[in-house]
Amino acid sequence: MIYHYCRVETFLNIIKNHALRMSDIFKSTDNLEAKSILDLVQSKIYNMYVGDGRFACSPIYGMDKDDAFKYILERVMKNIRSDNDRLYYVICFSEKPDLLGQWREYADKGRGVAIGFDENWFVKLCETIKDTFRFEKVQYEHGDGNTDEIIRDRAELIYSGILQDIDSYNTQGLLESQFKVSYNIGMAKKLLYEDSIFIKRKEFEVEQEWRLVLDDEIEKTRDDWEFFYNWKNEKCKSDDIIYKIFPNALEFMERNGKIVSYLDLKYDVMDEMPIKEIILGSDCKVAESDVYQLLGFYGYDVETVNIIRSQLSYRWM
């Protein structure tokens, strides 16, 4: 089981529409949400430079060689950070069913709901629509998984690209905002963004988070949006399962003064409903009987859904 913590209003919309909202991860309220490993990569690259000792002279005329490399590295990483063209649509869960921090941050300080989903449904989704979705557990900096190896590999790729551009007299390309750089740096940037979605800072480890990601190589600046995730265009319509899973296609909303694109994923298009448990927050005003009525009205098998109330007691400040 994995749990999606939310406000009562969001819970009601999920149940009514049989849908989960996947929104642009780079419009997260946490500006470091999907880029938390970039500082670690930058530090690793500079350590590689220090240990390399291959620079006999400065790559920038008139600057100390160490200062010059620092400047080049900072410009390269700034360009990587500022590139928000790629789109990744994400829905987040926790494997913890009754977690204080999740109630506080995502479920209206305990007044909301945690929806328990069968994780096998998401595994099956990824198997059914291959190379389109990723469903994985988040890794944490210097924690579980192979984050150190990922950081080292990406740092090596960027460092080799910087060296290649310097050796090819393309130092100016590393500094320009247009970012005319080697293939290695471009590839590392793509991989870093893909990796960073599943790597978060160490202090978030308590969340034990899982993420479902639509990874479909979507870019904001593509020139065929009239055909891409736009079912209003008749030429897009087909019997393909992606059309059934996203029946409304791409939509837009306002959040915190930003325009955020999103896709509503219908979870009633496969054999079985994935919702197996509803946990009401300790301060949630919704009655268990209201949830039974709601589920029954919208076509859920109430006999297969466990409805309980949080065991946590907390004085919300």
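Biologist: Quick one to start: is Asp 224 buried or exposed, or partly exposed?
Modeller: Asp 224 counts as partly exposed, at 24% relative accessibility. Bear in mind that this is a predicted model.

Biologist: Thanks! And which side chain does Asp 224 meet in a salt bridge?
Modeller: That would be Arg 222, with an N to O distance of 2.5 Å. Arg 222 is partly exposed too, with a relative accessible area of 23%.

Biologist: How many salt bridges turn up in the whole structure?
Modeller: A search finds 18. One of them pairs Arg 154 with Asp 195, at 2.5 Å from N to O.

Biologist: Where do Arg 154 and Asp 195 sit in the chain?
Modeller: Arg 154 is in helix α6 (residues 147-167) and Asp 195 is in helix α8 (residues 183-196). They are 41 residues apart, so the pair links distant parts of the chain.

Biologist: Is that pair buried or exposed?
Modeller: Arg 154 is buried, at 16% relative accessibility, and Asp 195 is buried at 12%.

Biologist: Which residues are linked in a network of salt bridges?
Modeller: Lys 200, Glu 207, Glu 209 and Arg 211 form such a network.

Biologist: Switching to α5, which of its residues are buried?
Modeller: In α5, residues 119-128, the buried ones are Trp 121, Phe 122, Leu 125 and Cys 126. They lie on the same side of the helix, because they cover an arc of only 140° around its axis.

Biologist: What caps the N-terminal end of α5?
Modeller: Asp 118 does, with a side-chain oxygen 3.0 Å from the backbone nitrogen of Asn 120.

Methods: Residues are numbered from 1 along each chain as its sequence is written. This is a predicted model: local features need pLDDT of at least 70, side-chain atom pairs count only at pLDDT 80 or more; totals for chains, interfaces and linings use all residues. Side-chain values use heavy atoms; hydrogens and water are left out. Buried means under 20% relative accessible area, exposed over 50%, partly exposed in between (1.4 Å probe, protein chains only). Helices (H or I, at least four residues) and strands (E, at least two) are DSSP runs, numbered from the N terminus. The arc is that of the directions from the helix axis to the C-beta atoms. A polar contact is a pair of N or O atoms within 3.5 Å; within protein, one must be able to donate a hydrogen and the other to accept it, and residues adjacent in sequence count only if both atoms are side-chain atoms. A salt bridge is a side-chain nitrogen of Lys or Arg within 4 Å of a carboxyl oxygen of Asp or Glu.
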